[in-house]
Amino acid sequence: MNEREKVRWVFLTLTVRNTDAESLPETIKAMFKGFQRLTNYKAFKTSVKGYFRALEVTKNRDPESESFGTYHPHFHVLLAVPHTYFKKKDLYITQDEWTSLWQKAMKIDYKPIVHIQRVKPKEKLYRCNKEV
């Protein structure tokens, strides 16, 4: 895909506030709906050629933490973007813009933590045990 479609990869993490066990299913359902809304925004459609999305839920097990025993659902998303993504202002989405888009998509009244970073390719690629 890298060669055929000439894409670059970006790793996006989308979070919401921690929740208790009782509210976890509802929160996850809302996150999937929010992600669907996010993918329908013009900025997403213009800048993203495809994606892989995974839901991860972690539990806070630190007894000294304020949020001890709560759950932290979040998405890890690998985005395929055009090879010109980092060079064209009309394609590039800043971290602040991703945060605003996610907040809007989730319909929440707080600023969620969103992390975005470029995926850097390895120096050497291997295909069928042969260096290319």
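How many bridges join β1 to β3, and do the two strands run parallel or antiparallel? The count is 9 bridges, and β1 and β3 run antiparallel. The model is predicted. The protein has 4 helices and 6 strands. Of its 132 residues, 35% count as buried.

**Overall layout**

- From the N terminus on, the order of elements is α-β-α-α-β-β-α-β-β-β.
- The C-alpha atoms fill a box of roughly 50 × 35 × 20 Å along the principal axes.
- Take the contacts between residues at least 6 apart in sequence: 68% of them join residues at least 24 apart.

**Strand β1 and its partners**

- β1 pairs with β3 through 9 antiparallel bridges. Within that pairing, L14 has F75 of β3 as its bridge partner.
- β1 also pairs with β4, again in the antiparallel sense, over 5 bridges. Here V10 stands opposite R118 of β4.
- Buried residues make up 7 of the 9 in β1, so the strand is largely enclosed by the rest of the structure.

**Nonpolar core**

- The largest nonpolar core holds 26 residues. Those with the most contacts inside it are L12, L14, L38, L79, W98 and W102.
- Elements giving two or more residues to this core are β1 (7-15), α2, β3 (71-82), α4 (95-106) and β4 (114-118).
- α4 gives the most, with 5 residues.
- W102 has contacts well beyond its sequence neighbours within four places. Its partners include L14, T15 and V16, along with M31, G34, F35 and L38. F75, P112 and V114 are also in contact with W102.

**Aromatic pairs**

- The count comes to 11 aromatic pairs.
- F44 and W98 form an edge-to-face pair. Their ring centres lie 6.2 Å apart, with 85° between the planes.
- This pair links distant parts of the chain: F44 is in helix α3 (residues 42-47) and W98 is in helix α4, 54 residues apart.
- Both partners are buried: F44 has a relative accessible area of 5%, and W98 has 0%.
- Ring pairs link F32, F35, F44, Y51, F75, W98 and W102 into a cluster. Of these, W98 and W102 are also among the residues with the most contacts inside the largest core.

**Charges over rings**

- The charged end of R17 sits over the ring of Y110, 3.8 Å from the ring centre.
- The charged end of K104 sits over the ring of Y41, 4.6 Å from the ring centre.

**T39 in helix α2**

- T39 lies in α2, which covers residues 24-40.
- T39 counts as buried because its relative accessible area is 10%, under the 20% cut-off.
- A polar atom of the T39 side chain lies 2.8 Å from the backbone oxygen of Q36.
- Leaving out residues up to four places away in sequence, T39 touches F44, K45 and Y51. Two of these contacts, F44 and Y51, belong to the aromatic cluster.

Key. Residues numbered from 1 in each chain as written. Predicted model: local features only at pLDDT ≥ 70, side-chain atom pairs only at ≥ 80, totals over all residues. Heavy atoms only, no water. Buried < 20%, exposed > 50% of the residue type's maximum accessible area, 1.4 Å probe, protein only. Polar contact = N/O pair within 3.5 Å; in protein donor to acceptor, adjacent residues only side chain to side chain. Contact = heavy atoms within 4.5 Å. Core = buried A, V, L, I, M, F, W, Y, C linked by side-chain atoms within 4.5 Å. Pairing = 2+ DSSP bridges. Phe/Tyr/Trp six-rings, centres within 6.5 Å; stacked < 30°, edge-to-face > 60°. Lys NZ or Arg CZ within 6 Å of the ring centre and 35° of its normal.
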